[in-house]
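Open the model in a viewer and follow the stops below.

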Amino acid sequence: MKIADNYKKINDLISKSSSVFVTAHKGLDLDALGGCLGMYNYTIHRGKPTYVVVDDKYSEAAVSKVMKRLSSEISIINSAKAIKLKNESSLLIIVDTNKKYLLQNSNLTDAFSNKLIIDHHGEGEGTIDDAKLMIIDSFASSTCEIITEFLKLNDFKIDSYLATILLSGIVLDTCNYVLKTSSNTFYYSYYLSTCGANNNQVQYLLKQDLKKYIKRQKMITNVKIINNIAITKAVPNDVYRPEELAKTADTLLLFNNIEASFVIANVDKKTIGISARSLGNIKVGQVLGLLGGGGDNHEAASKIQGSSLSKVEKDLLNIIKLL
């Protein structure tokens, strides 16, 4: 579903709302945060009291930089306060996810009767099914690309810092324009540059922590290649954040003859995570759907409890051999 065909419906929902609450998935990244800030600025401009709802106790470095800079300029509240402040005509805008279990707080969907979803990930198990309007464009590179198009369609003036954050979200989700790009991706990246997006600032926001980078590279040394699919797993005692698995999976796609990648690691003491990426020919969402997760043809994830890294790897290999 394209934003261009539905932006007037979005405006109608916003017009009818008394207040707006914008949220995204747990573990905010620049694409999710950029989407939140884009809609926040737009609805504030429309005269609606608006809040960004964040419950994350920890944020990756890029998100922390942006939140620190904007802390005095935007209203950031937790979900408990959001539920107290909302009323019957409040609108909850969910960006960069359509899954209830991935939200900052899954209770938010039950608290709001009016919900709008804007996302670029495919639907699947856990998809919220009672939204007033759901815009899911799985051909878009990122949520920031969709939000940028929405803002342009409404002739909204994007300031230079917001343009920089939106461009950062596009660069992040395309892995520097390597993955899932289209003519729209390049057009709206160009458009953001005309709004004053600062590429040097984008690179600053995307700078990585050296220790975490080295830790991720250790996983790559264990890689196995089967039918142009790269599979690697961490050592048993190491724990990684989900976004670190995703970044490793992105990195593996940069090598010759790799069509898809799967990265397996502990994401806490009781849970094993798998992050998958694909150039599009291998349906990683379907593969991880068989392991309790899901996604689309380009990216997918799964979390498994009560198992071991070796067992999860074996199960994954058995599925892949059938492809």
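Start with the contacts across the whole protein, where contact means heavy atoms within 4.5 Å. Of the contacts with a separation of 6 or more, 69% are between residues 24 or more positions apart. This is a predicted model, in which local features need pLDDT of at least 70, side-chain atom pairs count only at pLDDT 80 or more, and totals for chains, interfaces and linings use all residues. Residues are numbered from 1 along each chain as its sequence is written, and side-chain values use heavy atoms, with hydrogens and water left out.

Next, show the C-alpha trace, which spans about 55 × 40 × 35 Å along its principal axes. Then colour by burial: 53% of the 323 residues are buried (under 20% relative accessible area, with a 1.4 Å probe and protein chains only).

Switch to a cartoon view to see 13 helices and twelve strands (DSSP runs numbered from the N terminus: H or I of at least four residues for helices, E of at least two for strands).

Now select residues 7-16, helix H1, and residues 30-45, helix H2. How far apart are their axes? The axes lie 11 Å apart, and the helices pack at an angle of about 60 degrees (axes are lines fitted to C-alpha atoms over the stretch in contact; angles run from 0 to 180 degrees between N-to-C directions).

Finally, show side chains where the two helices touch: Ile10, Asn11 and Ile14 from H1, with Met39, Tyr42 and Thr43 from H2. Four of these contact residues are nonpolar, two are polar and none is charged (Ala, Val, Leu, Ile, Met, Phe, Trp, Tyr, Cys and Pro count as nonpolar, Asp, Glu, Lys and Arg as charged, and the others, Gly among them, as polar).

Note on methods:
Buried < 20%, exposed > 50% of the residue type's maximum accessible area, 1.4 Å probe, protein only.
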